[in-house]
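Visitor: I have a structure to look at and would like to discuss it with you. Could we go through it step by step?

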Amino acid sequence: MIKDSKKKLSPITTTLHWLIAIVLISLIAVGIYMEENEVFFLYPIHKSIGMLLFSVILIRVVWRIKSGWPEPVSQYKKIEQIGARTIHWVLIIGTVMMPISGMLMSGAGGYGLSIFGLELLASNPDELNPGKVIPLSKSLAGLGHTLHELGGNIMIFAITLHIIGAFKHHFIDKDSTLRRMLGRR
Ligand code: HEM
Ligand code: HEM
């Protein structure tokens, strides 16, 4: 198995990075769109893809714990190194927190959890109000909602800084940071 090095990143690192990055950015966009416009048919799709992505996210976390963070391609100012590493931590923790808070919101909210029809947790229908559900725990569902919304905003902020950083490396420092994440040397 190829390990991350200063010159080249493992295909495991690059594949996991881009798969998670693209799907996660799409989930943020769909999440905001469906909530603001009350597009309810998108909810189960957003949730199913979010839960499937969670398993890929966990594989990435294990891979990072096993192989550590990739070494920077060259020497940067201390402040830049600390900034980049902090953002990486926020991003990786955010990738774990977003699906967990989403599942907490839906699960505790009584909506149940299912991945494209495969039921993981049954919903809790309200017999007296057809089409409505009874929360299993209002406070936990509320906590999940707050964390999901706050987490989404923190992720948008961190991803923006992260992309600016990647472009700075590529266009201003003209180093191989972005090329390395694209699988090149
Ligand atoms: C990496 C995974 C995920 C990301 C990045 C993500 C992102 C988002 C974002 C940004 C919003 C809009 C929040 C707002 O502006 O208030 C949202 C809404 C929502 N998400 Fe997720 N989500 C993910 C996974 C999940 C999962 C796994 C579930 C449930 C199983 C879920 C359930 C929901 C629900 C129910 C809403 C709408 C909340 C409402 O109508 O008040 N999400 N998501
Ligand atoms: C178009 C958007 C993106 C670009 C251009 C980009 C670019 C990069 C680059 C060039 C690196 C290598 C940094 C280094 O060598 O020190 C990197 C690492 C990283 N990126 Fe991104 N990224 C993007 C989106 C994302 C998103 C959405 C996430 C969060 C889910 C993310 C999370 C990370 C993390 C945690 C690392 C550390 C290495 C790893 O665990 O894979 N990136 N990114």
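Visitor: Which side chain meets that of Lys6 in a salt bridge?

Guide: This is a predicted model. In it, the side chain of Lys6 meets that of Glu71 in a salt bridge, at 3.6 Å from N to O.

Visitor: Where do Lys6 and Glu71 lie?

Guide: Lys6 is in the segment before α1, whereas Glu71 is in the loop between α2 and α3 (78-108). The two parts are 65 residues apart in sequence, so the pair ties them together.

Visitor: What about the exposure of Lys6?

Guide: Lys6 has a relative accessible area of 40%, so it counts as partly exposed. Glu71 is also partly exposed, with a value of 46%.

Visitor: How many salt bridges does a search of the whole structure find?

Guide: The search finds four. One of them joins the side chains of Asp4 and Arg64, with a distance of 2.8 Å from N to O. This pair links distant parts of the chain: Asp4 is in the segment before α1, and Arg64 is in helix α2 (residues 42-67), 60 residues apart.

Visitor: Are Asp4 and Arg64 buried or exposed?

Guide: Asp4 is buried, and Arg64 is buried as well.

Visitor: Why can such side chains pair at all?

Guide: Side chains of opposite charge can pair when their charged atoms come close.

Visitor: And which residue forms a salt bridge with Asp173?

Guide: Lys168 does, and the closest N and O atoms of the pair are 2.8 Å apart. Salt bridges with shared partners also bring in Glu80, so that Glu80, Lys168 and Asp173 form one network. Asp173 is partly exposed, because its relative accessibility is 30%. Lys168 is likewise partly exposed, at 27%.

Visitor: Changing topic: which residues are the protein donors of the iron atom of ligand 2?

Guide: They are His17 and His162, each through its NE2 atom, lying 2.0 Å from the iron. His17 belongs to helix α1 (residues 11-37) and His162 to helix α4 (residues 138-173); the pair links parts of the chain that are 145 residues apart.

Visitor: What is the geometry of the site of the iron atom of ligand 2?

Guide: The site is octahedral, with angles of 85 to 179° among six donor atoms. For comparison, the ideal angles for six octahedral donors are 90 or 180 degrees.

Visitor: Is His17 buried or exposed?

Guide: His17 counts as buried because its relative accessibility is 13%, and buried means under 20%. His162, at 24%, counts as partly exposed.

Note on methods
Residues numbered from 1 in each chain as written. Chains lettered and ligands numbered in written order. Predicted model: local features only at pLDDT ≥ 70, side-chain atom pairs only at ≥ 80, totals over all residues. Heavy atoms only, no water. Donors = N, O, S within 2.8 Å, 3.2 Å for Na, K, Ca; no water. Tetrahedral: all angles 85-135°; square planar, octahedral: opposite > 155°, others 65-115°. Helix = DSSP H or I, 4+ residues; strand = E, 2+ residues; numbered from the N terminus. Buried < 20%, exposed > 50% of the residue type's maximum accessible area, 1.4 Å probe, protein only.
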